[in-house]
Every structure is written in structure tokens, then in C-alpha cells.
Amino acid sequence: MTASFHALTLIDNTEFSISLNDMIENYKHFEFKPYQKGRLNQIDTEYYNVLFYESNAESDPLQIVYLCELAKKLNVILVAESSSLASFAFEIGAVDFLLLNSTPARIAKCFDKIMHVYSYKNETKLTYKEDIKVDKSSSHIVVKDVGKVRLIDVKDIIWVNGAGNYVELHFSKCDTPVLHRETMKNIEKKLEPEGFIRIHRSTLVRKQAISELMPTDSGDYKIKLKNDIYLNLSRRYKSCLESIMSPS
């Protein structure tokens with residue numbers, strides 16, 4: 001019988017790895033290959049459609065970014081020693097979360113869940129392609145914080161303020177900005193495909209978030225956002241007015 005699920009296992013815990021691989025070998029529709037140490041962005045997602053990945057609180061931030069991208073293409077199952085990482089599995093879009101001391105019965109339920117998700121995806125694939133426009137741009141900004149790594153969805157950002165070697169990321173439904181180590185030049189390149197324009201030497205704004213433009217006596221403009229925040233549009237950046245007025 002041809003396997004429907006081609007799984008990679010990247011598990012450091014030897015006991016769990018052996019147990020998991022034995023179960024996969026004996027489970028209907030599954031085959032597996034232990035993944036040699038390497039970057040997750042090198043995985044062949046055209047062939048492999050399941051990844052069992054052991055994570056911990058000190059995981060490489062770059063690997064976390066790759067996990068987020070992989071979760072869009074295949075079934076990621078996050079494995080960890082502590083249940084404290086269960087919420088992280090949800091954040092990256094993992095199909096399931098397993099503890100290293102999971103019983104064979106719990107792992108079997110994980111296999112069943114993978115098959116259920118696979119069946120659902122196949123049934124809705126054509127509808128999804130017709131009705132949903134897939135965004136191929138980078139969907140997250142990785143922000144390193146004390147003791148953790150935050151994944152910021154760029155769709156939640158409405159304006160950015162420069163602060164030296166840092167930028168402040170501002171959101172429509174949150175009064176507290178997030179400080180991110182990035183230059184304005186670099187963040188502008190990342191956000192430009194998302195519809196951001198520069199209105200000031202130290203300010204970027206999402207064009208769709210603008211609700212009003214108001215000229216001032218000095219020749220500058222005040223910009224009002226849909227969440228009632230006011231920003232300054234410097235005369236140096238008046239060329240962006242045409243872009244703001246454009247319906248696209």
C-alpha cells in the first residue's frame with residue numbers, strides 16, 4: 001500500500017524518537033525518515049507532509065520562523081518536555097502538541113488527527129484556491145524579547161515609528177507599541193509590499209489605515225488614522241500624497 005503520509009522526525013530525545021519511529025513504521029498510511037540536523041527551510045515540502053519537531057524554550061529564533069512557514073505547507077507536530085510550550089504550538093499553526101512522556105495511545109490519537117486534517121484539506125482545496133487569495137509575502141516579524149521570541153503578524157501593524165537603531169511597531173487594537181531592533185530602512189523594505197508608505201523621516205504608515213488628510217499652516221499635513229491617531233506628514237514626503245489618494 002502506498003503511504004499517504006511521508007513523515008520527518010527531528011527529535012533529540014532518543015527514547016521518544018525510537019518509540020515514535022516504531023509506531024510510525026507500524027501505522028497504516030505512514031512512513032518516516034529521521035531528519036538529519038540542518039535548516040528546516042531545506043525540507044522538501046513537495047514530498048514530505050508531516051514533521052515531528054522537538055522544541056524547547058531556547059530554540060533558535062530562525063528555526064521558529066521556518067516552523068511558521070512549514071506549518072502552512074505540511075502537518076507540524078510540536079514535541080516538548082513541558083506543557084508550557086503548548087500555546088507556542090498553537091501560535092505557529094501546529095496540528096498537534098505532544099509531550100515527551102506521551103503514551104502510545106496519545107500518539108495514536110495524533111496520527112488520527114493528522115489523517116482527519118489531511119482529509120479536510122483535500123475536500124476544501126479547490127474551494128480554498130477559488131475563494132482565498134494566498135498572501136506569499138513574509139507574514140511575520142520575529143521580535144526578540146527577554147526570555148522569549150514574539151511572532152508579530154504584519155497584518156496587525158498599522159504604523160511604525162523610528163527610535164534610533166530600533167523601531168516601534170504600533171497596532172490598531174493595542175495602545176502599547178512593541179520595540180523591535182531594526183533600522184527604518186530595513187523595516188521599510190519589509191513592509192512596503194504590505195502597503196506601507198513613508199510620511200516622515202521616522203514614520204511609516206499603512207495606507208489603508210488612513211482616514212483623513214488635513215493641511216496645516218506650515219505647509220505640512222496631519223494624517224488621521226482610522227483608530228483616531230494623528231501623525232505628521234512632512235513636506236519632504238509630499239510626493240506620497242498621490243499614493244495615498246490612489247484607490248489601489
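Entry 1. I start with the cut-offs for burial: buried means under 20% relative accessible area, exposed means over 50%, and partly exposed is what lies in between. Tyr47 has 38% relative accessibility, so I log Tyr47 as partly exposed. I note that the model I am reading is a predicted one.

Entry 2. I looked up the chain as a whole. The protein chain has 248 residues, and 40% of them count as buried. I find six helices and 15 strands in the chain. For the accessible surface I have about 15,100 Å², with 49% of that belonging to carbon and sulfur atoms. I then took the contacts between residues at least 6 apart in sequence; 49% of these join residues at least 24 apart.

Entry 3. I turned to the aromatic rings. A pair of rings is described by the distance of the centres and the angle of the planes. How many aromatic pairs are there? I count four aromatic pairs. One of them is Tyr47 with Tyr48, edge-to-face, at 4.9 Å centre to centre and 90° between the planes. Tyr48 has a relative accessible area of 14%, so I log Tyr48 as buried.

Entry 4. Phe52 and Phe111 also form an edge-to-face pair, with 6.1 Å centre to centre and 90° between the planes. Which parts of the chain does this pair tie together? Phe52 lies in strand 3 (residues 50–54) and Phe111 lies in helix 4 (residues 104–131), so the pair ties together parts that are 59 residues apart in sequence. I looked up burial as well: Phe52 is buried at a relative accessible area of 0%, and Phe111 is buried at 0%. I also see that ring pairs link Phe52 and Phe111 with Phe5 and Phe30 into a cluster.

Entry 5. In soluble globular proteins, nonpolar side chains tend to be buried together. The largest nonpolar core here has 23 residues, and those with the most contacts inside it are Leu40, Ile43, Leu51, Leu67, Val76, Leu78 and Ile92. I find at least two residues of this core in each of strand 1 (5–10), strand 3, helix 2 (61–70), strand 4 (75–80) and helix 3 (86–92). Helix 2 gives the most, with five residues.

Entry 6. I picked Leu51 and listed what Leu51 touches, leaving out residues up to four places away in sequence. The list includes Leu8, Leu40, Ile43, Leu67, Leu70 and Val76. Asn75 is also on the list. Last, I noted a second, separate core of 20 residues, which includes Leu20, Ile24, Val79 and Leu100.

Conventions
Residues numbered from 1 in each chain as written. Predicted model: local features only at pLDDT ≥ 70, side-chain atom pairs only at ≥ 80, totals over all residues. Heavy atoms only, no water. Phe/Tyr/Trp six-rings, centres within 6.5 Å; stacked < 30°, edge-to-face > 60°. Buried < 20%, exposed > 50% of the residue type's maximum accessible area, 1.4 Å probe, protein only. Helix = DSSP H or I, 4+ residues; strand = E, 2+ residues; numbered from the N terminus. Contact = heavy atoms within 4.5 Å. Areas by Shrake-Rupley, 256 points an atom, 1.4 Å probe, with all protein chains shown as cover. Core = buried A, V, L, I, M, F, W, Y, C linked by side-chain atoms within 4.5 Å.
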